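This report describes a predicted model.

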Amino acid sequence: MTKTSCLFFGFFFRMEMCTHVFQISGIKIHDKKRVLVQGIQQLGGKYIGGSVYQYASTHLIIPQVLSCEKFLAACAAGKWVVTPDYVLDSVKNGSWLAEGPYEVAISTGAKSAFYPVRQWREKVASGRLTGAFQGWRVLLMVQEPSRREMFIRLLNAGRAKVYHIPPPSHVSITHVMAKPVTENSKSYNAPCYPVSHIVQHLFGRNCVDMNFIVTDHHPAEMKNANFVDVDFSNLETELRDYVVKKEGRPRICFLEFLGYHDPYRPQLQATETDFSNIGSMIECGLFTEALDSVRSAVFPGLLPPVPYLISLLDYAQQGNATAVFLRNFQQVMHNLLITNPPWLAPSSVKKYFTQLLQCPRCKMGLWPFLESAISYCLSSEVTCHPLPGPALPTLIRFHRDLVAFFLRLFQGELHSVTTGDFMLLKGTRISQASSSGSLLYVTFWTVWERSTLLSRAVKRLTQLLVQAAVEDYAERDEKQRLHLADTLLDLLSVLVEFWCQQHFKLNQNLVEKGLKDLAEQFAVISQDVSPVVLSELVVRVSSTRLKLVMADAIFRNLCCRNGITVGDEPLSLKKMVLSYLPALGRLARSPSDARLRTGPTSHGCTSQETGCGTQGSLVNETSLEKENIPRGLNRVNAAGETLLHRACKRNQVETVLQILALPGTDVNVKGSVLLQQTDGDRRTALDLVSTTSQREELLHSAQVGDSALRNKVTEVLNLPLLEAGSSLLAHLIFSYQQERGLSGLKQPNDKAHSLGYRLVRALETHSFQKVSLGWTDQRVVRLVEDAHTLLELSRGRYLGQVSQAVKECKGQNTQFLMEILEDLKSRREALVVDL
């Protein structure tokens, strides 16, 4: 991974392991909640929040004892439950204080207070228990789905094992818990309790003073919050306005151009100047003296005759000029741009630059001149007329500086369009000329091409950019680099932003098609380029909308080249999670290709090596999915049957549904892969043995072989390709959040009723399909789908989409991608708190 990409991700996605992971409950005022979250992050902690208890939390913040799921689960798990003052005082202290003095307490009517969580926390901390319900094997008989899920989380937090009807035959049930308690619930060979027994077990006789009633899985703060069901038709309108405003914002800013025009300084500062002596010098071959005279005569409103500059440019291109002359010529050009910026001057100044910026011999216009300058830097013979060859280092630098001058000029025009600058001429405000007459438009689009982004000149520019990227980004000595690719990439970003700003208000579909065509063109012409070079190029794109479409097109092209299908549906966060992440795992196992390497690739990628995937893993060992994995899930009996086979044969519907709900479960699951092999008579190995001992020995051998096959699946066969794919996908996610993310849905003056707040609450109360039912703007529908995907990620969904090979890889790009995914999981909490 390059230094540039390291710095990039280090700035945006710095993550660290911490021992303080918080949830908050019972705080309804968003300002107070936001202060707490900011304090947690300031001290290096993490806030994972959510409407239900999260197993990864270490601390729960509540203002007082509450009868809600988070408090009961934290108590059962032996976690710290503290008041908000713990965070506030720690911030004042500058580091985390001891939790003891801030542990939540309740008055029992006596002189001393009761600390409801302390007994269980101390037992868990000392290792005497793993949870308040350790050893419990509970048959849970609660019909209402939401309440049943709440009790499952609560019992699992205290390390109980929870089963549904009918329980497995090999399990000895210790508790039957029912709501309501019926004769059927009492018929099992185990004590039967109402669900209120959970509270009685946790707090004993003190629960009378606490006056607890076990509530629904939605905590009290959600039920009592100042939140009214949204009017979904109005929500669509507001979201559409937000999307349009977000798409119309400038992506690239150029603060340096603010000083190019001072409205308090008269534009004309020079009197008439006699340039005839300069012409005489040129006729006598005194080019250096002529250039010095021009340098001293460049003022606002005063331009040297263009034929003289054209003659000096022609002399510079012949290869006889000194390095000092070439540098001075570039300085003259720079001074012309500063003193007479064409975007702030009359149309005559634009005409002046149009005549100047073309080949002094061929006079074919701006683009052929720019194309020739780029081609000469790349040692190409495709120039408008033959130039001195082989390419001279001084002339290469000269033409590279000419390209940089074009970039500077076009950046100024984009700045003018973005900020809506005006010019002052003779004390009168005059509107700037139409952007359709800008030099940028004239250079890259003919009159007949302006409705398409991918004009002939733009196509050629992308080809030259790919060629320059191969020269600059492949690993080589720094002295051998042209340093041209960055300039061309910035040039492409500027013209893309310029064209998009001209068209997005009139035809958004035209803009999307133009960007897609450009990205596809780039992916096609770069098929033979190393993915390492392409990923480095994407890192350096300054326009987020260009970065987004380029990263997407290149990633899909990499998948296609390796026989991986990712679908052609519109890009969304859900597509990246459900399609691109699994594809990344397959890229890691693609055959190695020498074209992918830009250096030594003998990097190990095993789980035994330090820092290999444990930090970036999306799977938490204490997650709900782990807790609900049925015992013996992967065990195969002597008949070659899995637990799913046995549950189906016994008509154990709940167990079947539980297994099928686990990530990665296949309805066509079979036993051992090795034991499925058959001979010519379609007989398996188990068919050829008769005794039980032989079957058991064969099963044991097959399990060893299957384990070796599974280990092979986690092996990274193509680290350079995985690293390149991870970099592309990381930048894709980042750019997607910048372009279409939810962070801009904030309304500072009314946080409790902001657009983002209402959207998140709507999706927590209703399904995505119900919220977006009947909506016609697909951009808005995608935005709501992205919000729904973020909520699902925060609840632990989609964790199985990341292959074990990717999780365990220690490559820098891959580890950064894992950190980005971890960051996405917490976006829901950050969204609600910030809004």
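## Overall organisation

Among the contacts in the protein with a separation of 6 or more, 72% are accounted for by residues 24 or more positions apart. The predicted model contains 35 helices and 12 strands, and of its 835 residues, 51% count as buried.

The protein exposes about 38,700 Å², and carbon and sulfur atoms supply 52% of that area.

## Helix H3

Helix H3, which spans residues 69-77, is largely enclosed by the rest of the structure, because nine of its nine residues are buried.

## Helices H20 and H21

Helix H20 (residues 485-503) packs with helix H21 (residues 508-525) at an angle of about 160°, and their axes lie 9 Å apart. Since an angle over 145 degrees counts as roughly antiparallel, H20 is therefore roughly antiparallel to H21. In this arrangement H20 passes H21 in a right-handed crossing.

On the side of H20, the contact is made by Leu-492, Val-496, Trp-499, Cys-500 and His-503, while H21 contributes Gln-508, Leu-510, Val-511, Gly-514, Leu-515 and Leu-518. By class, the residues of the contact of H20 with H21 divide into eight nonpolar and three polar, with no charged residue.

## Helices H23 and H24

The second pair consists of helix H23 (residues 544-561) and helix H24 (residues 573-588), whose axes come within 10 Å and cross at roughly 45°. That angle makes H23 oblique to H24, and H23 passes H24 in a left-handed crossing.

From H23, the residues Asp-552, Phe-555, Arg-556, Leu-558 and Cys-559 meet Lys-575, Tyr-580, Ala-583, Leu-584 and Leu-587 of H24. The contact of H23 with H24 has seven nonpolar residues and three charged residues, but no polar ones. The charged members are Asp-552 and Arg-556 in H23, together with Lys-575 in H24.

## The two pairs side by side

Read together, the two pairs can be set out by angle, handedness and class.

Methods: Residues numbered from 1 in each chain as written. Predicted model: local features only at pLDDT ≥ 70, side-chain atom pairs only at ≥ 80, totals over all residues. Heavy atoms only, no water. Axes fitted to C-alpha atoms, helices over the stretch in contact; angles between N-to-C directions. Helix = DSSP H or I, 4+ residues; strand = E, 2+ residues; numbered from the N terminus. Parallel < 35°, antiparallel > 145°, perpendicular 65-115°, else oblique. Left-handed = near helix turned anticlockwise from the far one by under 90°. Contact = heavy atoms within 4.5 Å. Buried < 20%, exposed > 50% of the residue type's maximum accessible area, 1.4 Å probe, protein only. Areas by Shrake-Rupley, 256 points an atom, 1.4 Å probe, with all protein chains shown as cover.
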